[in-house]
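Here is a short tour for anyone who likes to check a model before planning around it. Have a look at the sequence and the structure first.

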Amino acid sequence: MFIEAIPCLALIIVVIGGIVFGVFTATEGSVVAVVYSLVLSIFFYKTITWKDLPGIFKESAEMTGIIVFLIGTSSIMSWVMAFTGLPQLVSDTLLGLTTNKYIILLLINIILLIVGTFMDMTPAVLIFTPIFLPICQSLGMHIIQFGIMIIFNLCIGTVTPPVGNTLFVGVKVGKVTIESVIKILSVFILAITIALLLVTYIPQISLFLPQLFGII
């Protein structure tokens, strides 16, 4: 049983190793993972036959179309926000509300959580990092802690409607409804949100390992 699992476990080494050593990017690593899994399924585990491939490609195209549409919609939203200057307005309003460090960080988290629900991660990072990073640095937050905080926020957005890309992929793969998933997922989202608050207010959670290895 263990011997049969070795080729499957080797996928982790192939993908992570390829990314770490610069053989391919993280995005290209996903392609490598798909090709590797397909080869294993056809030639080693024999769970997929050549006749199954047209149906698999069709389902993949449908799923990709949904995700590309969602990303395109979120990109339009990011352009509108950048064009109207909304992020800068949010920043100015935020600083005008209070000078309390903990309340400002809480408001930033709330804004990023809301943004993450309808905007793709990449444009959100590009738009809001220059806005919120100076604010957080002025409050004494290390840049590494800020990076983890913003990514943590936006990752939560990938599993929440209406644009949660990861959520829609999971629903499609699992062949279930979003309603049934949300009921179960809500418990995990609550736990992740608590973890986000810990990351936000306890710097050593983010900085312990970098300091231990002398990176910072």
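The notes below cover confidence, a salt bridge and a surface patch.

Residues are numbered from 1 along each chain as its sequence is written, and side-chain values use heavy atoms, with hydrogens and water left out.

The average pLDDT (the predictor's confidence in each residue, from 0 to 100) is 83 for the protein, and 97% of the residues score at least 70. Where pLDDT is low, the predicted coordinates should not be read in detail.

## The salt bridge

The structure holds 1 salt bridge, a term for a side-chain nitrogen of Lys or Arg within 4 Å of a carboxyl oxygen of Asp or Glu. Its partners are K58 and E62, whose closest N and O atoms are 2.7 Å apart. Both sit in helix α3 (residues 53-84), and because they are 4 residues apart, about one helical turn separates them.

K58 is exposed at 52% relative accessible area, whereas E62 is partly exposed at 34% (buried is under 20%, exposed over 50%, partly exposed in between; 1.4 Å probe, protein chains only).

## A nonpolar patch

L9, I12, I13, I16, V20, F21 and V23 make a nonpolar surface patch of about 800 Å². Patches take residues with over 30% relative accessible area and no salt bridge, joining like charges within 9 Å and nonpolar side chains (Val, Leu, Ile, Met, Phe, Trp, Tyr) within 5 Å; accessible areas come from the Shrake-Rupley method with a 1.4 Å probe, and for residues only the protein chains shown count as cover.

One of the patch members, I16, lies in helix α1 (residues 2-20). I16 counts as partly exposed because its relative accessibility is 48%.

Terms used: This is a predicted model: local features need pLDDT of at least 70, side-chain atom pairs count only at pLDDT 80 or more; totals for chains, interfaces and linings use all residues. Helices (H or I, at least four residues) and strands (E, at least two) are DSSP runs, numbered from the N terminus.
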